[in-house]
Amino acid sequence: MPGKNRPVAFWIFTIFLALSIVLMLMGQAMSVFNYDLTVRLGLQESVQQVSAYGVQVNRAFGSGDTVVYIPLLIVSLIGLCRKKRWSLLTSAATAGVSAYWSLTIFSMFLFLPGTQGYNYIPGPEIWIFVGAYTIFGVWGLFYLIFRGDALIQ
């Protein structure tokens, strides 16, 4: 049975990475090129919710994710599956980015209400989504620090 000796953490990492690649390509990379489509798909907030300024902030996050985060997700997934030592470094970078951006978004949700032009009220699914990335990012960093070698054994 392939992968029977892999720890549960390996499956948590690889499933999270694979799902994130799809979500980031659809919601973040696509927002750089066709923001209106991502709004129609429910993957970004409309100009009426976040203002024209907010749309450009979202597109800026999308640009950063397209250039840095998505490639890190891809190489981490490939490296972990191939049991490459360097994948521990790229996975740590991925976990760090996950924790950082999700905590930044969480803070934006706390600080932006009441700002002129900002009318977005995140639903429970958004809080769960942002929370999942925060938990994965923090847990992932600590796992990699203390037990990372188990992922590539």
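Predicted model: local features only at pLDDT ≥ 70, side-chain atom pairs only at ≥ 80, totals over all residues.
Residues are numbered from 1 along each chain as its sequence is written, and side-chain values use heavy atoms, without hydrogens and water. Local features need pLDDT of at least 70, side-chain atom pairs count only at pLDDT 80 or more, and totals for chains, interfaces and linings use all residues.

User: At what angle do helix α4 and helix α5 pack?
Analyst: Helices are DSSP runs (H or I, at least four residues), numbered from the N terminus. Axes are lines fitted to C-alpha atoms over the stretch in contact, and angles run from 0 to 180 degrees between N-to-C directions. Helix α4 spans residues 86–111 and helix α5 residues 124–147; their axes lie 8 Å apart, at an angle of about 145°.

User: Is Ser51 buried or exposed?
Analyst: Ser51 is in helix α3 and has a positive phi of about 75°, although it is not a glycine. Buried means under 20% relative accessible area, exposed over 50%, and partly exposed in between (1.4 Å probe, protein chains only). At 16%, Ser51 is buried.

User: Where is Lys83?
Analyst: Phi of Lys83 is near 60°, a positive value in a residue other than glycine. Lys83 is partly exposed, with a relative accessible area of 40%. Its place is the loop between α3 and α4.

Notes. Helix = DSSP H or I, 4+ residues; strand = E, 2+ residues; numbered from the N terminus.
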